[in-house]
Amino acid sequence: MVLGAAAPITSNPSARVIYLIRGLASEETREQSLDVLCKNRLTYDNLAVLLWKSFGTMSVLLQIITSAYRALSSDGLTEKALTQVCNAIALFQSVAFHPDTRIPFIRATMPVYLYPFLNTMSNERSYECLRITSLGVIGSLAKVEDAEVIEYLLSTQIFPSCLRCMEVGKTLSRTVSTFIIYRILLSEKGLKYCFVLAERYLSVSQCLGKLVENLSEDDAENLPCLLRNIIGCYLRLSENERTRPQLSSYVPWKLLDGKYANIVRSDPKALANLRQLVCNLRTSKSCTTHCTDEPPTSSNSPGPSIP
């Protein structure tokens with residue numbers, strides 16, 4: 001197939017998508033097809049299904065993605081190659097999010113091919129681009145309440161990979177990886193997984209603590225979302241009464257002061273979660289009277305309060 005400057009103009013969007021997908025099979029047209037599909041992936045409703053069911057297409061995307069492994073290890077990934085790999089991963093995200101392809105996608109264990117990008121320890125631009133794009137795929141899986149998805153993520157050890165991203169990634173990577181941990185903790189199976197091993201629970205608690213200590217107000221765009229995810233994770237951990245006293249020693253008090261409450265004040269759910277977290281961490285038995293109404297003041301209850 002010869003692909004010109006653009007896919008042919010047609011009133012049939014599916015025909016245009018099919019034309020572009022076929023262009024992925026040829027090295028001569030692959031780069032352009034990837035670029036167009038990636039830029040328009042949100043406007044093509046059936047893109048995920050067509051990608052998944054088109055013969056050989058997922059293999060081509062995998063070939064593009066795995067080609068970065070050796071280049072990354074030798075710092076030999078060119079800007080052109082980086083763009084192609086990120087575009088291929090972005091198409092993976094479309095497949096991961098679509099309800100008709102999500103489960104086949106994880107049953108084929110496709111996400112594991114992205115884990116090498118999550119486990120790198122560099123925050124240089126190329127590594128960060130691959131990290132955040134790969135996290136987008138896992139985040140698309142995690143945002144859906146599906147027991148099979150959670151079971152799959154836990155079975156493939158996504159927890160340590162996300163914790164690593166929370167430590168070495170930049171703010172956006174930290175935000176998405178913390179979101180994934182939060183979504184997993186929202187499920188009972190995910191919360192149980194966290195508490196099965198003391199080392200795992202401590203790793204999560206300490207990693208969240210480091211995130212709080214290193215919060216930067218310079219990134220105003222992503223900070224509220226990151227805070228919301230951190231608060232959500234801590235709140236789920238605080239619901240375990242047995243480990244709640246230990247958790248109190250890992251939550252940095254700076255998270256509970258008025259400055260961060262002001263940042264999330266425009267998000268009612270995040271602010272309510274922060275107040276509930278404060279309530280859970282207090283040792284006073286009377287704190288329950290303040291959990292749903294106005295928070296207590298320093299004069300009538302120990303510990304921090306959220307105004």
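Which helix gives the most to the lining of the largest pocket, and with how many residues?

Reply: This is a predicted model, in which local features need pLDDT of at least 70 and side-chain atom pairs count only at pLDDT 80 or more, while totals for chains, interfaces and linings use all residues. Residues are numbered from 1 along each chain as its sequence is written, and side-chain values use heavy atoms, with hydrogens and water left out.

Rolling a probe the size of a water molecule over the atoms shows where empty space is left. Here a pocket is an open set of points, on a 1 Å grid over the protein atoms alone, where a 1.4 Å probe fits, with protein on both sides within 12 Å along at least five of seven lines. Lining residues have an atom within 4 Å of a point. A volume is the space filled by probe spheres set on the points, which are joined across faces, edges and corners.

The largest pocket has a volume of about 550 Å³. Its lining has 24 residues, and Leu42, Gln93, Phe97, Ser140 and Lys143 lie nearest the centre. Two or more lining residues come from each of α3 (47-53), α5 (79-97), α8 (125-142), α11 and α14 (223-238). Helices are DSSP runs (H or I, at least four residues), numbered from the N terminus. The element that gives the most is α8, with five residues.

By class, the lining of the largest pocket has twelve nonpolar, nine polar and three charged residues. Ala, Val, Leu, Ile, Met, Phe, Trp, Tyr, Cys and Pro count as nonpolar, Asp, Glu, Lys and Arg as charged, and the others, Gly among them, as polar.

One lining helix, α11 (residues 171-186), also meets α12 (residues 188-196): their axes come within 4 Å and cross at roughly 105°. Axes are lines fitted to C-alpha atoms, for helices over the stretch in contact, and angles run from 0 to 180 degrees between N-to-C directions. The two helices, α11 and α12, are therefore roughly perpendicular (65 to 115 degrees) to each other. Ile184, Leu185 and Leu186 of α11 make the contact (heavy atoms within 4.5 Å) with Glu188, Gly190, Leu191 and Cys194 of α12. This contact of α11 with α12 has five nonpolar, one polar and one charged residues.

Definitions and conventions: Angles under 35 degrees count as roughly parallel, over 145 as roughly antiparallel, 65 to 115 as roughly perpendicular and the rest as oblique.
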